Amino acid sequence: MVGLSLGETHFIQGGIAQDLRCDGRKRLTYRPISVETGVIPQTNGSARVRMGATDVIASVKAELGKPSLLQPDKGKVSIYVDCSSTAEPAFEGRGGDELAAELSNALQRCLLGGKSGAGAGIDLSSLIVVEGKICWDLYIDGLVVSSDGNLLDALGAAIKAALSNTGIPRVQVAAGTSNDEHPEVDVSDEEFLQFDTSRVPVIVTLTKVGRHYIVDATSEEESQMSSAVSISVNRQGHICGITKRGGVGLDPSIILDMISVAKHVSEQLINKLDSEIASAEAEEES
Amino acid sequence: MAGKGGSTPATYSPSPTTDKKKPSLFNEDLARPDGRSFHQCRPAFFRTGAVNAASGSAYAEVGNTKVIVSVFGPRESKKAMMYSDIGRLNCNVSFTTFATPIRGQGSDHKEYSSMLHKALEGAIILETFPKTTVDVFALVLESSGSDLPVVISCASLALADAGIMMYDLVASVSVSCFNKNLVIDPVLEEENGQDGSLMITCMPSRYEITQLTVTGEWSTPKINEGMQLCLDACAKLAKIMRSCLKEAVSDSQE
C-alpha cells in the first residue's frame, strides 16, 4: 500500500473527529458483513466472511489425537493464521509471518480462555473420547484472502461461523478392550455432533485515531492509528480477552471506556452475526 | 549475583485500597504455594551492567524467575531495510534449554518477542536515533511464572543503562484469576491452573498503559479490579527500578 499524503492524512483524521469517515460511516459502525458457510466441503467446518473489502476464510479440521498431560480430560484446539500473498504483496515470502503469528496468538488468547480451560468458547470436555488416551484435536486455520483492515474482527467472526458449521463424527469405543491397551475406535460415517457456539465470543477492535476511537478501521485508517485495543466479548457480556496493538500508551480510564463501548457494539455485532450464520446455514442445507 | 551476601532483595507489595474486599486468608485451601498473600508480589532484585560487551544490560530476579537482557545500539541498520525517519527497535526473547522444569520447553513462547517490542516502543523516543536500530536481546535463565512481565521490566532497565532516551521506565505486572480470586504475580504452578490472566505494562510516572493482554473470561468490575491491582504494583516496582539505577550511578562515582 502506498503511503498517504499529508492532505489525505488530515482529511481522514478531520473526518473522524467530525464523526464522518471516508466511506460515510460513523465512528462506531461496521462495514457490511456477509457470511458463507460450508465453502470447503472436505473440511469438518468452514466459513467465509467479508467485511467490506476484507475477505477471510476459516476452516476447522478434527483429528483423533492424544490429550495433553496437563489436562487429560479435555480435547485440544489450535489456531493458525496464514496471510496469503494474494492479499497483499507485502505478505510475499516471510513478510506475512509476523502478522500471522500476531493474529493467531490474539485469536488464541480471545477464544481459548485460561489455561485451566475455564472461559473457553468451546466446551473442551466434549472433545474427549477416552480420558487420557483419545481426544479430538481441532485445527482451526484462518486464511486472509483480501486485506483492507480489521483482520482480527473478520477472523474472529469467520471462526465463529466455521465452528457453527462444524460436524464431528460420532465415535464408538470398542467394548472389552483391556485398560492397558490402546482402545479401538469406530468412527461413524453418518452421525455427526455439532457444537454449541452460543458462548463463542466476537472480537471488537477499537482503533484510536487522534483523540477518538473507531470500530472496523480500514487499511488507511489503520495507518493513522496510534494504538488499537481488541476486546473479545461473549453473549453474556463478559470480557474473554483483550489485546492491545500499537506502541503508544493509553490512559487506563480510556481503556475502561473502550471496554464499555466494545460491550455495547458487540451486542449488535453478535445479533447481526448470528442471524447471518443462521441464514447461511439454512441456505447451505437447501 | 543471587549469592550476594548480606543484602536482602527489596520486597514490594501493593498498598491495599480501603474499598477492596480481600479474599479470606485463613482458609487453608486458598493458601498460595509459596505462602504469599493474594495481593503480595515476590521479592524483586535488579542489577544493571551485567554484560560487558553490551551497550546496556540488566539482570533481574523476581522470585525464582531469572532474566538477563542486553541492549546493542543504536547502530547501523541492515542494508535490506528501507530508510526510516525514526529509529527501529528489534526485540528477541529466548529461553535457555534448562530454564523450564522440563528441558527445552521454552520454545513455545514465540509471541514474547513481539509483545516485548510493543511494550517498549511506546516508551522509547525513537526520533532521537533516525536510520539506526536498537537491538534488545532477552534471555530467560529460569522460568518460574510471570516471565514476560519480568522480561519487560528488565529490558527497560537495560535500555536506561544503554543511555537510550525514554519517556519513562516501563514496569510490568500480571494477575491470575482463579474462580473469583485475583492473585498477583503468579508462580508457575498458579499460571498452569489459572482461569484467566491479565498483564499490564505501564509507564508509571505518566500513568499510561503501553501493553494490555487479557485471557479467559472476565466481568468488567473484575477487570477494573485487576487493572488497579496491577497499576499499584507497577508503581512500586518502578520505585525499585529507579533505586537500582541510582545505585549504579553512585557506585560508578565512588
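Predicted model: local features only at pLDDT ≥ 70, side-chain atom pairs only at ≥ 80, totals over all residues.
**View 1. A sheet of 8 strands draws on chains A and B.** Welcome to the open sheet, whose strands come in the order β10(A)-β9(A)-β11(A)-β12(A)-β9(B)-β8(B)-β6(B)-β7(B), with antiparallel pairing. At its edges you will find β10 (212-215) of chain A and β7 (181-184) of chain B, each of which pairs on one side only. From one strand to the next, the twist averages 20°. For a look at one pair, turn to chain B, where strand β8 (residues 196-203) and strand β9 (residues 208-218) are antiparallel and share 7 bridges. Here B:C202 sits opposite B:I209 of β9(B).

**View 2. Helix α2 of chain A lies across strands of chains A and B.**

**View 3. Strand β2 of chain A pairs with β1(A) and with β3(A).** Strand β1 (residues 33-37) runs antiparallel to β2(A), and 5 bridges join them. A:I33 has A:M51 in β2(A) as its bridge partner. Strand β3 (residues 54-65) of chain A is also antiparallel to β2(A), this time through 7 bridges; A:A47, for example, is partnered by A:A58 in β3(A). The hairpin of β2(A) and β3(A) has 2 residues between the strands, and in it A:G52 adopts a positive phi near 65°. Because 5 of the 7 residues of β2(A) (residues 45-51) are buried, the rest of the structure largely encloses this strand.

**View 4. Helix α3 of chain A is mostly covered.** Of its 15 residues, 15 are buried. The helix spans residues 151-165, and at 1.5 Å a residue it should reach 21 Å; its end C-alpha atoms are 21 Å apart, so the two values agree.

**View 5. The largest nonpolar core holds 134 residues.** In soluble globular proteins, nonpolar side chains tend to be buried together. The residues with the most contacts inside this core are A:L138, A:I231 and B:V136. Helix α4 (residues 220-253) of chain B gives the most to the core, with 12 residues. Leaving aside neighbours within four places in sequence, B:V136 touches several residues, including B:V69, B:V71, B:L89, B:L116, B:A155 and B:L159. Another core, of 5 residues, lies apart from the largest one; among its members are A:I12, A:I16, A:I214 and A:A217.

Key. Residues numbered from 1 in each chain as written. Chains lettered and ligands numbered in written order. Heavy atoms only, no water. Helix = DSSP H or I, 4+ residues; strand = E, 2+ residues; numbered from the N terminus. Expected span 1.5 Å × (residues − 1). Buried < 20%, exposed > 50% of the residue type's maximum accessible area, 1.4 Å probe, protein only. Pairing = 2+ DSSP bridges. Axes fitted to C-alpha atoms, helices over the stretch in contact; angles between N-to-C directions. Contact = heavy atoms within 4.5 Å. Core = buried A, V, L, I, M, F, W, Y, C linked by side-chain atoms within 4.5 Å.
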